[in-house]
Each structure stands twice: as C-alpha cells, then as structure tokens.
Amino acid sequence: MKVIGYVRVSTTKQVQFGLSLEAQQQKIRQYCELYDLDLVQIIVDGGESAETLNRKGIQEAIDLLESNEVSGLIVTKLDRLTRSIKDLNYLLENLFKKASLFSVSELIDTRSPSGRLVLNILTSVSQWERETISERVKESLRSKRSNGEYTGGKTPLGWKLDEKGNEVPDNEEQELIDVVRGLRSYDLTYELIARKLTES
C-alpha cells in the first residue's frame, strides 16, 4: 500500500532546530517498516497552527489522497493533523471513508475493524463534545437574555448598554419607536415615515 506521511510543528523555533520534525519523521519511517507500508513521501508543515486546514502541506496531502495517487496517510498523533473537532469530522466524512488513516500514538489503522472502531469512538466523542459545548453556550445566552444581560453583537434599536454591560432602554430611541408605531397605525409606509422623520 502506497502511503504518505504528514508532520507538523507550530513554531518557527521548532522548524529551525528540527528536533520535533525529525522525531516525527523517524517514527513514521519505523511504522512503515514495521507494517510493510510503501512510504512515498513525508509532507512537512513547518511553523503552522493546526487550528484550520488552510496549510500548504495538508492541502497537498489531501490532493494526493483524493487523486488516488496514494491510499493512506500516516501521522504520529492526530493533533498533528488537526486540533479542530470540526476539521477532523470533515476529514473523516470526506477523505478517510475511502483512504486509510494511520496514527502511530493512538494505534489507529482504519484498514482493520478495531482501527475503524477506535476512530468511530473518537468521532462520536468529538461530536458529543461539540454538541455539549453548543448546548452550554445556548443555555448561557438564554440565561443572560432572561436577566437582561448583553449577549454580544449590536444592541437592538431602543436599547443601550449600561456601565455593567447590561441592556437597558434608550429613552430617545424608545420615543422614536413610539412615533414610528403611531405613524404606522395610520397605514403609512416605512418609506413615507422615514421621509417625514428626516424632514422634521
């Protein structure tokens, strides 16, 4: 099976000294020898964060896998590939259903049922974490709104932030809203109302 290795470090200092990159590459070569995998090349992303997939090296690796030039990707650890749950799920759903993924540290080999099981467990845990975080954020925002606290973004017309960051009525804007409501009760269009308010 033809495979590529992928290694990454996040700081330029690590790139300069090369210790982490060398160690990752050595582990990948040893893994390939042990499991009789044909290592075509090792792609390096130096001084790159794993927060997004917008990296030259990982994009090159994705292109090779999508074009079927190689059948698998090896990393020393999943966090070398990505630290984003969203990006990991994207790769699992769109790339590693056809291609194989190997992780030296986590003992993942998606060619085997146990490897796919471990990966599925990791994916499920990632999804659970994402949904739990989302629910906590929603609950926190609901609680803040019910207490009249500011939840971010632009404050609605008729409201402003006090010194504590809470939403409170803006009297001038509230009066303006009352005027608009009064004019609307006479079936005036918003365009005509805006013209009248501009002229006054």
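A residue counts as buried under 20% relative accessible area, exposed over 50%, and partly exposed in between (1.4 Å probe, protein chains only). By that scale Glu-60 is partly exposed, because its relative accessible area is 35%. This is a predicted model, so local features need pLDDT of at least 70 and side-chain atom pairs count only at pLDDT 80 or more, while totals for chains, interfaces and linings use all residues. Residues are numbered from 1 along each chain as its sequence is written, and side-chain values use heavy atoms, with hydrogens and water left out.

**The sheet**

- Helices (H or I, at least four residues) and strands (E, at least two) are DSSP runs, numbered from the N terminus.
- Two strands pair if DSSP finds at least two bridges between them.
- Five strands make an open sheet with mixed pairing, in the order S2-S1-S3-S4-S5.
- At the edges are S2 and strand S5 (108–109), each of which pairs on one side only.
- Strand S1 (residues 2–8) is mostly covered, with six of its seven residues buried.
- On one side, S1 pairs with strand S2 (residues 38–45) in the parallel sense over seven bridges.
- Two examples to find in the model are Lys-2, whose bridge partner in S2 is Asp-38, and Ile-4, whose partner in S2 is Gln-41.
- S1 also runs parallel to strand S3 (residues 72–75), joined by three bridges; here Val-3 has Gly-72 as its bridge partner in S3.
- In a regular strand the side chains alternate between the two faces of the sheet.

**Patches on the surface**

- Patches are made of residues with over 30% relative accessible area and no salt bridge; like charges are joined within 9 Å, and nonpolar side chains (Val, Leu, Ile, Met, Phe, Trp, Tyr) within 5 Å.
- Accessible areas come from the Shrake-Rupley method with a 1.4 Å probe, and for residues only the protein chains shown count as cover.
- For charges, Lys and Arg count as positive and Asp and Glu as negative, while His and the chain ends are not counted; the place of a charge is NZ of Lys, CZ of Arg, CG of Asp or CD of Glu.
- A patch of negative charge gathers Glu-60, Asp-63, Glu-66 and Glu-69 on the surface, and Glu-60 is found in helix H3 (residues 56–66).
- A nonpolar patch is formed by Leu-117, Ile-121, Val-125 and Trp-128, which together have about 420 Å² of accessible area.
- Trp-128 is found in helix H6 (residues 113–146) and counts as exposed because its relative accessibility is 55%.

**Salt bridges**

- A salt bridge is a side-chain nitrogen of Lys or Arg within 4 Å of a carboxyl oxygen of Asp or Glu.
- The whole structure holds seven salt bridges.
- One of them links Arg-80 with Asp-79, with the closest N and O atoms 3.1 Å apart, and both of these residues are buried.
- Lys-97 forms a salt bridge with Glu-93, where the closest N and O atoms are 3.2 Å apart; Lys-97 is exposed, at 62% relative accessibility.
- Arg-142 forms a salt bridge with Glu-135, their closest N and O atoms being 3.1 Å apart.
- Salt bridges that share partners join Glu-135, Glu-139 and Arg-142 into one network.
- Arg-142 is partly exposed at 40% relative accessibility, and Glu-135 is partly exposed at 41%.

**A loop residue to look for**

- Asn-68 sits in the loop between H3 and S3 and counts as exposed because its relative accessibility is 63%.
- From Asn-68 to Tyr-190 it is 122 residues in sequence and 59 Å in space, C-alpha to C-alpha.
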